[in-house]
Amino acid sequence: MPNISYVDGVYQNYENSKININDRGYHFGDSVYEVILFNKGIFYDFEEHISRLFTSLNSINIKFSLSRISLKIIIKNLIKINRVSFGSVYIQVSRGIAERNHSYKGMNIKPLLSIIVTKKLNNIGNDTIGVKAITLDDNRWSRPDIKTTQLLPNVLAKTEANIKGAFEGIFIDSDGYVTEGSSSNIWIINNNNEIITRPIDGQILSGITRKTIAQFAKLNKLIVKEEKFKKQELYKSKEVFLTSASSFVTPIIEIDNIEINEGKIGQTSIDLRNLYFRNSRNNL
Ligand code: PDD
């Protein structure tokens with residue numbers, strides 16, 4: 001079990017890792033984050049995740065002065081110290097520590113970086129497992145494109161899914177279109193074998209795994225379309241799958257108790273998952 005974290009310049013075991021009670025991430029969810037998968041010292045889409053972290057920081061005007069190179073060195077050190085070969089790294093940057101006040105105008109505070117490493121079960125070589133999902137109204141704020149830690153609707157959606165024996169909650173917007181999962185992007189494959197996912201329209205996170213999978217699919221002569229699709233189309237799709245740094249490519253075989261493809265995992269989902277593990281690499 002990994003148990004060393006990095007908090008504000010200090011590597012320490014979890015018991016001694018402390019975050020100030022006045023951290024704005026704690027009070028307001030005034031922080032951004034990233035999750036990056038690694039396997040034997042190899043990171044998946046590392047540069048893209050770090051770039052998105054800086055984009056998120058800019059989007060909410062957090063002035064983070066650490067360079068990309070320093071950040072990479074810290075992450076690399078932390079994984080080495082924890083002796084984990086397969087897992088994910090969670091990086092969070094909050095606006096910093098200040099007496100509780102909604103507005104941060106004029107606050108001269110230093111952003112707080114914290115990082116933890118999570119060991120994951122390496123099931124890359126195993127048979128792909130399909131999961132169940134439920135749909136729910138998308139009740140999030142209007143900027144889900146920013147990867148902030150303000151995730152209460154996502155937390156409630158995932159929990160409701162789990163209570164109903166499902167793995168993921170799929171958000172549906174007020175016009176009946178699928179936006180994304182509580183912690184993933186959603187894809188369908190129609191009867192013409194077109195692979196479809198919602199465009200980056202501000203209503204979803206611009207998933208890094210989503211982008212990688214779209215590239216791999218196109219390179220393999222598959223047709224990828226960025227189009228909105230409705231909840232009803234989900235139910236009658238040939239295949240449905242989700243993508244994220246923590247779940248890679250995961251087939252969805254049942255939604256709202258309706259079986260997709262008679263509850264069987266589709267071959268294209270399996271192929272894309274294999275392609276992801278074979279090709280999506282970035283040495284640190
Ligand atoms: N979540 N949409 C949402 C709402 C997410 O939270 C995530 C990832 C994604 C997929 O993005 P990516 O492919 O870049 O991981 C889409 C991470 C894994 C999490 O919150 O743990």
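Q: Where does isoleucine 200 sit?
A: In this predicted model, isoleucine 200 is in the loop between strand 11 (194-197) and helix 5.

Q: What is isoleucine 200 in contact with, leaving aside neighbours within four places in sequence?
A: Leu205, Ser206, Arg210 and Glu226.

Q: And how far is isoleucine 200 from serine 85?
A: The two C-alpha atoms are 33 Å apart. Along the chain, isoleucine 200 and serine 85 are separated by 115 residues.

Q: On to helix packing. At what angle do helix 5 and helix 7 pack?
A: About 105°, with 10 Å between the axes. Helix 5 covers residues 208-219 and helix 7 covers 267-279. That angle makes helix 5 roughly perpendicular to helix 7, because the class runs from 65 to 115 degrees.

Q: Which residues meet there, helix 5 against helix 7?
A: Helix 5 brings Thr209, Thr212, Ile213, Phe216 and Ala217. Helix 7 brings Leu272, Leu275, Tyr276 and Asn279.

Q: How does the contact of helix 5 with helix 7 split by class?
A: Six nonpolar residues, three polar and no charged.

Q: Asparagine 279 is in that list. Is asparagine 279 buried, exposed or partly exposed?
A: Partly exposed, with a relative accessible area of 40%. The C-alpha atoms of asparagine 279 and phenylalanine 216 are 8.4 Å apart. In sequence, that pair is 63 residues apart.

Q: What about helix 2 and helix 3, at what angle do they pack?
A: About 120°, with axes 12 Å apart. Helix 2 is residues 46-59 and helix 3 is residues 68-82. That makes helix 2 oblique to helix 3, because roughly perpendicular stops at 115 and roughly antiparallel needs over 145.

Q: Is the crossing of helix 2 and helix 3 left-handed or right-handed?
A: The crossing of helix 2 and helix 3 is right-handed.

Q: Which residues make the contact between helix 2 and helix 3?
A: From helix 2, Phe46, Glu47, Ile50, Ser51, Leu53 and Phe54. From helix 3, Arg68, Leu71, Lys72 and Ile75. By class, the contact of helix 2 with helix 3 has six nonpolar, one polar and three charged residues.

Q: Cores next. Which residues in the largest nonpolar core touch the most other members?
A: Ile75, Val89, Ile91, Leu113 and Ile115. The core has 27 residues.

Q: Which elements give two or more residues to this core?
A: Strand 1 (4-7), strand 3 (31-39), helix 2, helix 3, strand 5 (86-94) and strand 6 (112-119).

Q: Zoom in on isoleucine 75. What is it in contact with, leaving aside neighbours within four places in sequence?
A: Isoleucine 75 contacts Phe43, Phe46, Ile50, Val89, Ile91 and Ile115.

Q: What does the second, separate core include?
A: That core has 18 residues, among them Trp187, Ile213, Phe216 and Tyr276. Ile213 and Phe216 also meet helix 7 from helix 5.

Q: Back to loops. Where is arginine 95?
A: In the loop between strand 5 and strand 6. Arginine 95 counts as buried, at 7% relative accessibility.

Q: What surrounds arginine 95, leaving aside neighbours within four places in sequence?
A: Contacts of arginine 95 include Arg24, Asp30, Ile60, Asn61, Ile62 and Tyr104. Ile109, Lys110 and Pro111 are also in contact with arginine 95.

Q: And lysine 120, where is that found?
A: In the loop between strand 6 and strand 7 (131-137). Lysine 120 is partly exposed, with a relative accessible area of 23%. Not counting residues up to four places away in sequence, lysine 120 touches Leu37, Phe86, Gly87, Ser88, Ser246 and Phe248.

Q: How far is lysine 120 from isoleucine 109?
A: 35 Å between C-alpha atoms, at 11 residues apart along the chain.

Q: Last topic, backbone. What is the phi of asparagine 257?
A: Positive, about 70°, although asparagine 257 is not a glycine. Asparagine 257 is in the loop between strand 14 (248-255) and strand 15 (258-259). At 69% relative accessibility, asparagine 257 counts as exposed.

Q: What about the phi of glutamate 262?
A: Positive too, about 55°. Glutamate 262 is in the loop between strand 15 and helix 7. At 61% relative accessibility, glutamate 262 counts as exposed.

How values were computed
Residues are numbered from 1 along each chain as its sequence is written. This is a predicted model: local features need pLDDT of at least 70, side-chain atom pairs count only at pLDDT 80 or more; totals for chains, interfaces and linings use all residues. Side-chain values use heavy atoms; hydrogens and water are left out. Axes are lines fitted to C-alpha atoms, for helices over the stretch in contact, and angles run from 0 to 180 degrees between N-to-C directions. Helices (H or I, at least four residues) and strands (E, at least two) are DSSP runs, numbered from the N terminus. Angles under 35 degrees count as roughly parallel, over 145 as roughly antiparallel, 65 to 115 as roughly perpendicular and the rest as oblique. A crossing is left-handed if the near helix is turned anticlockwise from the far one by less than a right angle, and right-handed if clockwise. Contact means heavy atoms within 4.5 Å. Ala, Val, Leu, Ile, Met, Phe, Trp, Tyr, Cys and Pro count as nonpolar, Asp, Glu, Lys and Arg as charged, and the others, Gly among them, as polar. A nonpolar core is a set of buried Ala, Val, Leu, Ile, Met, Phe, Trp, Tyr and Cys residues joined through side-chain atoms within 4.5 Å. Buried means under 20% relative accessible area, exposed over 50%, partly exposed in between (1.4 Å probe, protein chains only).
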